[in-house]
Amino acid sequence: MTENRRSDERVPTNLQAKWEGLTGGHEARIVDISLGGCFVNTVRRVDMGEVIVLEIKLPTGGWLELRGEVTSYQERVGFGLLFSFLTDDEEYALRELIT
C-alpha cells in the first residue's frame, strides 16, 4: 500500500486554471485541491521540484494566484503541486474556495 503524504484532505473540483513554469504559460484544470496543494490537469511537461505560478479562476470570476512546488508528475495527465509559499491572504482565499 502506498503511504499518503498529504496532511490535508483534497476536495474534488473542476476549476479553470493557468500556470507558468520553465516552459512558459499554459492552460489547465484543477481536479482536486486542499490547503496543502492540488492536482493540475495538463498535458504540458514539468520537472520534479520545479516552482510553478498557478492562477485559479474563482467562482466569483476573479483569479487566485498561488505558488508551489511540483511533487509528482504523470506524463500527459498532469502534476501534483504543493503550496509551499502561501501568504496569510492566499491561505484565507484558499480556505474560502474549498469550504
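**Close-up 1. Surroundings of Thr42.** Beyond residues up to four places away in sequence, Thr42 touches Trp19, Glu27, Ala28, Arg76, Val77, Gly78 and Phe79, where contact denotes heavy atoms within 4.5 Å. The model is predicted: local features need pLDDT of at least 70, side-chain atom pairs count only at pLDDT 80 or more, and totals for chains, interfaces and linings use all residues. Residues are numbered from 1 along each chain as its sequence is written, and side-chain values use heavy atoms, with hydrogens and water left out. Thr42 lies in the loop between β3 (37–41) and β4 (51–57); strands (E, at least two residues) and helices (H or I, at least four) are DSSP runs numbered from the N terminus. With a relative accessible area of 6%, Thr42 is buried (under 20% relative accessible area; exposed is over 50%, partly exposed in between; 1.4 Å probe, protein chains only). A separation of 6.9 Å is found between the C-alpha atoms of Thr42 and Arg29, which stand 13 residues apart along the chain.

**Close-up 2. Arg10 and its partners.** Arg10 belongs to the segment before β1 (11–21) and counts as buried at 18% relative accessibility. Its side chain forms a polar contact of 3.0 Å with the side chain of Asp32 (a pair of N or O atoms within 3.5 Å; within protein, one must be able to donate a hydrogen and the other to accept it, and residues adjacent in sequence count only if both atoms are side-chain atoms). The Arg10 side chain also reaches the backbone oxygen of Cys38, at 3.3 Å.
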